[in-house]
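Colleague: I would like to learn how to read a model like this one from its computed features. Could we go through it together, one feature at a time?

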Amino acid sequence: MRLTINGKSHEVDVDPTTPLLWVIREQVGLTGTKYGCGIAQCGACTVHINGLPMRSCQVPVSAVGDSKITTIEGLASGKVLHKVQKAWIDHDVPQCGYCQSGMIMAVAALLKVKPKPTDADIDASITNICRCGTFQQVRAAIHAAAKVA
Amino acid sequence: MTTIPKFTRRSFLISSAAVGGGLALGLRLPPFGPALVRAADGSPEITVWVVVRPDNTTAIRVVRAEMGQGTITGLAQLVAEELECDWNRVVIEYPTPGESVARKRAWGEFSTGGSRGIRQSHEYVRKGGAAARMMLVQAAANEWKVPASECTASNSVITHKASKRSTTYGKVAEAAARLEQPKDVPLKDPKTWKIAGKPLKRLDTAKKVNGTMIYGSDLKLPGMLNAAIKDCPVFGGKVKSFDAAKVSGMKGVRKVVQVGDSGVAVVADTWWQAKIALDALPIVWDEGANAKVSSADIAEMLKAGLDAEQAFVGNQAGDAKGALAGVAKKIEAVYAYPFQNHACMEPMNATVRYTPERCEMWGPTQNGEAAFAAVQAASGLPADKIDVHNTMLGGGFGRRGGYADDYVTQAVLIAKQMPGTPVKMIWSREEDMAHGRYHPVMQCKLVGALDASGNLNALHMRLSGQSILAAVRPEVVQAQKGRDPLSFQGVFESGEHSFGYTVPNLMIDHAMRNTHVPPGFWRGVNINQNAVFIECFMDELADAAGQDPVEFRRKLMAKHPRNLGVLNAVADKIGWSKPAPSGVYRGVAQMKAFDSFVAAACEISVKDGNKVKVHRIVAATDPGYAVNPAQIERQVAGSFVYGLSALFFQECTVKDGRIEQTNFHQYNSMRIAQMPKVETILMPTGGTVWGGIGEPTICVAAPAVLNAFYRATGKRIRSVPLKNHGIELV
């Protein structure tokens, strides 16, 4: 099976029912995408599939086909961080950080469809669990990132 | 620095390959010359806390665990403050417990719980920084043949003003490391701090935004296999049998192993393969004596304790029993608090490589030394043949402290059956929910009486429920003749968790009722339920007295000025003396815990009688000293997410001896839409005692919200979680 992840093609030999999350982590070796619940509740495994945020723990690898997958490792353009990553650093958002890859991917996808999200947009779209409770900084950083062209 | 440990080159290579160079030290003997310890890269150690590299980078050693609370940044600030080093060139190194053991515990305690990371090590880490500065300055002075007192140090540069000479820490480090460490090491007045006390950025953020931070579950070792595990779902049960043949042919499966008496693991090429094989594996459990226990049985047992004769006393004044006996009108209420799981975002995991000669563990732990002891016990190897390498923790909250027969032990027992092969064991979320070390279950009966002027004259607070220490530190309970002093957190007679009110006739006691469900330290520990009990009941008493809840409390707090200080601060900021906006209701709570004084005032509104919006929480903390105000703000706000999730959603119920909730769909956690605006008031008042930060504030949000809910609806809710009352958080 052939997968396109972060612009690179990967040949993987894996059971087709394997969740994309585990293929990304174990076959491809990109561990920035995290396992938190396995039932699409927490969002720690969020990646972009053709630009849309998806909880990869519930996507069988066989369903991915030719889609373009972006993980947290592929969000920056080379050494230039994505504006969400920059805002995250400016606002010192992460605490333990384990959920933050998924949080950042969800926010980056939101800003693509809603470049200037309102608080209500954020509330409706960002449903990731963060047990450390970084939500105040997450909200502030989203608004800051939205101000960057 | 008398004992120089010897570590195998191989062990260092494995660990540095696993976690990146910075996470492990290799220490080696110098070929000649006086005793000098070098870090892995060859740079000299000035004191055990400070290594100065030739390029003028300072490596600061930290042994407390980072789980998001910001402790590595805070501890580094304290060392750097005294060291006068260049903050922009600070990196962190993590000595291992094995290295510490070999050097007579040179780095002291590793345990990171009880909000102790900074408050119990601030003095010796600051001295480690100050002594290093003195040695570096002395080395420069020796070179220049001038008195050290004429030299100054700032930003990793030493200057002798009179002769207009200057040099860097990096240039004199070799000479400084050979000097005798000074015995008399004065510390700065915190009022003069320039690095500590400032809201500096965390040191660990960059890797957390691009996916490169390595958590335990991300480890990759050469030749590593993966394991998934199931322990008997009924606590205290055992494995009867399992049919390995049914899954041994599945793709990737290498071995099916029993783990101790009660666990079965599948070892496979990948974790996903291990997990699906484990799900398919037929296992027969011997569920043992607890196979029929339910939450109702446990509640019944606790209820009996509310009126039991025997109880351990935690706080006493006057004659509460006598005073209450003679009163016609008593105010009485019974409260209850459930079992709760920590639900760290990163499920429990550990990676172990075992050979008969050496056993090493890599993974997340809040207590490196406890993990070291667990590895030692499970491997059967002596202390000089084992080690533990901590990784970044994906949350801790007390779950990754040192508990018997926990995940570290399991991982060693698996690896012992695969000698020479590193095995990474990860729990599924379902396993994590089934095998927590749960917030203890507790009920509480409160009886109070007012005098003729409406002042609180007598109070009996009877706790009935589980003791954490009886399960995990039985020696402490034994030394107290059966009493668990920690069960009185926030209402105790003295110490770091002392009661913040003076009541003429007072009895606070605990009927210990332990269950088969293993308890653990859950962020805040026993202040969570004790604050709900006492701070809601204070409002009930004020209501009975026809008094304002803040005024009613103030009259009991004359001898507790710091409790009063934080209460007044939140009352002022929320505008307690003025009416709330239309449809908005307020509540307050205060407590002392972990030697910090905390209070919260909240504003909520309630729609349709059950949909609660928490608009705003004002939170005051007096921790004595504040090392990083920005991180403190984040800890306070974050503690409310953890605490309010518990208040509204979280309960682990027991059926047939096991926990019923399996994942976040039955054990919810707050989302950003439900986050109130948190305004933190940081008001350190100094003194000789430093208070904690990670835990204290968590306990005041729940009672403040419950008190506001009563004012909004007239309904007094006395048991957690609120979902059981049909109440939602919106």
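Colleague: What pLDDT does chain B average, and what percentage of the residues score at least 70?

Modeller: pLDDT is the predictor's confidence in each residue, on a scale from 0 to 100. Chain B averages a pLDDT of 95, and 95% of the residues score at least 70. This is a predicted model, in which local features need pLDDT of at least 70, side-chain atom pairs count only at pLDDT 80 or more, and totals for chains, interfaces and linings use all residues. As for naming, residues are numbered from 1 along each chain as its sequence is written, while chains are lettered from A and ligands numbered from 1 in the order in which they are written.

Colleague: Where in chain B is confidence lowest, and where is it highest?

Modeller: Elements here are DSSP runs numbered from the N terminus, with helices being H or I of at least four residues and strands being E of at least two. Confidence in chain B is lowest in helix α1 (residues 9–19) of chain B, with a mean of 33, and highest in strand β11 (residues 263–268) of chain B, at 99. Over residues 1–33 of chain B the pLDDT is below 50, although this stretch has 56 contacts in the model beyond near neighbours in sequence; a contact is a pair of residues whose C-beta atoms, placed from the backbone, lie within 7 Å. For the model as a whole, the scores are ipTM 0.99 and pTM 0.95.

Colleague: How many residues of each chain are in contact with the other?

Modeller: In general, the size of an interface is often given as the accessible area lost when the parts come together. Here the count is by contacts, and 44 residues of chain B are in contact with 46 residues of chain A. On the side of chain B that touches chain A, α6 (271–280) and α17 (629–649) of chain B each supply at least two residues, and the largest share, 7 residues, comes from α17(B). By class, this side of chain B has 21 nonpolar, 14 polar and 9 charged residues, where Ala, Val, Leu, Ile, Met, Phe, Trp, Tyr, Cys and Pro count as nonpolar, Asp, Glu, Lys and Arg as charged, and the others, Gly among them, as polar.

Colleague: What radius of gyration does each chain have, and what does the globule rule give?

Modeller: The radius of gyration is taken over C-alpha atoms, and the globule rule is 2.2 Å times the number of residues to the power 0.38. Chain A has 15 Å, which agrees with the value near 15 Å for a compact globule of 149 residues. Chain B, with 18 helices and 28 strands, has a radius of gyration of 27 Å, close to the 27 Å that the rule gives for 730 residues, so chain B is as compact as a globular protein of that length. Along its principal axes the C-alpha trace spans about 40 × 30 × 25 Å in chain A and about 85 × 80 × 50 Å in chain B.

Colleague: Into which domains is chain A divided?

Modeller: Domain bounds come from an automatic or database domain assignment, which for chain A gives domain 1 (2–74) and domain 2 (83–147). Their C-alpha centres lie 21 Å apart, and 16 residues of domain 1 of chain A are in contact with 12 residues of domain 2 of chain A. On the side of domain 1 that touches domain 2, β3 (46–49) and β4 (52–55) of chain A each supply at least two residues, and β3(A) gives the most, with 3 residues.

Colleague: How many residues of α3(A) are buried?

Modeller: A residue is buried if 20 or more other C-beta atoms lie within 10 Å of its own, exposed if 12 or fewer, and partly exposed in between, with C-beta atoms placed from the backbone. In α3(A), 12 of the 14 residues are buried, so this helix is largely enclosed by the rest of the structure. What covers its buried residues includes β3, β4, α2 (83–90), α4 (119–125) and α5 (135–147) of chain A.

Colleague: Is B:G609 buried or exposed?

Modeller: B:G609, in the loop between β23 (596–607) and β24 (611–622) of chain B, is exposed, with 11 other C-beta atoms within 10 Å. B:G609 and B:I727 are 118 residues apart in sequence, and 8.2 Å apart in space, C-alpha to C-alpha.

Definitions and conventions
Two residues are in contact if their C-beta atoms, placed from the backbone, lie within 7 Å.
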